[in-house]
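Here are a few friendly notes to read beside the model. Please keep the structure open as you go through the points.

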Amino acid sequence: MRALFSAILVVLVGWTLFMLPTSRDPVPAGKTIVTWATDDTPIRREQIALFNKLNPDLDLRIDPTNNDPNKVVVQSIGGVGPDVFDMPGTTLKVFVDSGIALDLTEELPKLGYDPLAEIWPAAKPLFAIEDRTYGVPANLDTLAIYYNREVFGEMKLPYPSANPTWDEIIAIGKKLTVKDASGRTTRYGLLFWWDWRDFFAMCGARLFTDDGRKLTIDTPEALEAVNLMSSPIYVHKLAPTASESNSMASVGGWGSGNESRFVGRRAAMVVGPRYFTGNFRRAPDLKVGVVKLPLSATGSTRLKGRTIAVNSRSPRRAAALRFIKFVTDGGYNRLNNDLADGVGPSLKYTEEPKFQFNPDFPEEKYNPIWRQSMLAAQPDESSPYISNGQVDEAVGFQLDLVNQGIKDSKAALAAAQAAGEKLLQENLAANAALAKRYAEGSK
Amino acid sequence: MTAKNKKRAMRIATILGLAYLLPNLLGFLVFTAGPVIFSFGASLTNWNIMNSPPLEFVGFRNYQQVGQSSQFWTFFINTVYFMAFSPVGIVGSLVVALLLDSRLRGMTLFRTLLYLPSFTAGVAIMIMWKGLYNPDHGLINACLRGVFDLFSLPFQGPGWLQSTQNLMGLHPEKIAFAVKDIGLGAREALVFMGFWAGLGGGNMLLYLAALTNMPDELIEAASLDGAGPWAVFRHVKWPQLAPTTFFIVIMSVIGGFQGGVDSAQVMTGGGPAGTTTTLAYHIFRKSFVEYQFGYASAVAWVLFAIVFAFSGLLWKFGNKETNY
């Protein structure tokens, strides 16, 4: 028996050693592999194909399974992170403070790129902190309202006006909502993401005072935002609850979630970003129109986007910087704009005639609306004294109670304000340097 | 064989034995013991990945904060709430094992069917249950509605995953009870799903194995003495199953305290209003969402202490009653 086990051990060790070289992806001769932690989409594959074509000595590959910021942070600290990676939304500070995002302030001018002059002005918080630059946006986006022209035609309803109000959208949405004999909604008037930050932006509700030292989430504007977000669902019943959305079958092949439901005619209108357009193109029978999102006098659309950064510990820094250069170039920007993956990082390419009207997609006459909406967009606010995750936790918890009918919106926002302030004070108590900065009143 | 040769053979056998153990031992040291010791060290620091504030030794401050955190105690109650239902699951597994122990035709098929959820991907099961729990269009409320309609009763279905209500009337925001909070909500939804998934799972297999290994003479002797099925179960099978039950209870306590991450991540995000956030999910969020590794390590060690204390108590008071 001993001899048998010894023989098995020897065979296993030998087999492992024999197979070890084959366990790694082969590196094509004369090429350097550059790894980009991002999501895997058809658009991403076209962007990669262009980069690899322009850089024959490099082989850009994506790592979609490790795209999550948490994984990027942990893997990079462990020394096995990607060469370049996406930083979604306002996660920049996490990557900068942890020393993972390479400071590109000196590098970008060497590449012939002035980020502050070229990139959409409102996007600065996504890639820069205190005049130090740490990346270039891969794409930027904001929200508008898509409507299904055919559904409007069937219902003999006029399309929404170019600058609609919420009252108008809700009135139309009610007419477009259809229920079956059992009372089950077969088509909703409107779909939108249950994201309180979108509505805060629309209503001009601020999260913090200018110096970031105090939260301001219990203002009348914030109350208006919460009421505006919940009323289409709970008052007017023209939009699904979160769980209704989850249980609505996706209609295959056109992205996921709301855009898929919109293509499947489960909704007549959907609030969504420009990248939905790319998915809608794969549904050739779909006839879509776009109008601006209604905004209050002080409101704005919310700027969304992801920034590409270079891993400061990457052993292939030069290759990674070539990829950054590629993202800043006209080729990438035009490709991005043509593929409707939001808009490219540089503003000037949306001034070109092909963006205003792309003859390849003659039905899409609404690109100027996207440009105008982008120019009106504002990024998420942030404070050095409390993380966005902590604010989300405080507000999200209270909004759950509003949904349950346990609390009214006003009381919930007051409680969220108190909880947020408590968290902020706890942060100050745990960090002497931060407390000093707070006392000095600097942001 | 001379004494010298014997000694030599013994030495070779020892070296070989250690060589066989070495891969496992190395794995244990590197991937289990090392991180455990490291996490204790981390729990005594303010370590977060962002280096803000700079890394420093803070002694037991994290542990003090854990004790003072109302969040921790809310999530502890959530965890205990989920565990409170585990005896029901254990009884269910026992009943199923007793049924499957009978010698009927087609029993292999029943055994396979009941074990099916155990080798189905957990995420797939959770997504399926998510659909079933939809308050308006889910199959569960549709069935309940059908029953109510049968008796012409008005139907207000449970909110399931959307609801903070629970059978004990726990308030979602503070540690208090209220009649209006009594109902079937997200906590119960996860409990029922866990009960369903566990019914034919590992516990059932353990009971089935114990029943199969039970000497037939004992049951035959009891039957000859006039014992009915209930008496046979109560006085013969149940005492014989005691060591298995003890093992299952210990494992359920340990697993219960460590559970809740998958379902929270896939089905509820820990909500609504934190009602399905367990201590294990709290640790996950503190580490990998908020990057507070020092604090999260402290919570993990407090959780370890709780599990250790509960297991110790069970061992002290349960072991001598169940092992012969």
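**Notes on the contact between chains B and A**

1. The contact draws 31 residues from chain B and 31 residues from chain A, where contact means heavy atoms within 4.5 Å. Please remember that this is a predicted model, in which local features need pLDDT of at least 70 and side-chain atom pairs count only at pLDDT 80 or more, while totals for chains, interfaces and linings use all residues. Residues are numbered from 1 along each chain as its sequence is written, chains are lettered from A in the order in which they are written, and side-chain values use heavy atoms, with hydrogens and water left out.

2. About 2,700 Å² is buried between chain B and chain A, and carbon and sulfur atoms give 53% of that area. Buried area here is the accessible area (1.4 Å probe) that two parts lose on being put together, summed over both. In chain B, the residues that lose the most area to chain A are Tyr20(B), His137(B) and Glu173(B), together 21% of what that side buries.

3. Glu173(B) also has a charged partner: its side chain meets that of Lys407(A) in a salt bridge (2.8 Å, N to O). The rule, a side-chain nitrogen of Lys or Arg within 4 Å of a carboxyl oxygen of Asp or Glu, finds one salt bridge across this interface.

4. On the side of chain B that touches chain A, the residues divide into 14 nonpolar, twelve polar and five charged. In this count Ala, Val, Leu, Ile, Met, Phe, Trp, Tyr, Cys and Pro are nonpolar, Asp, Glu, Lys and Arg are charged, and the others, Gly among them, are polar.
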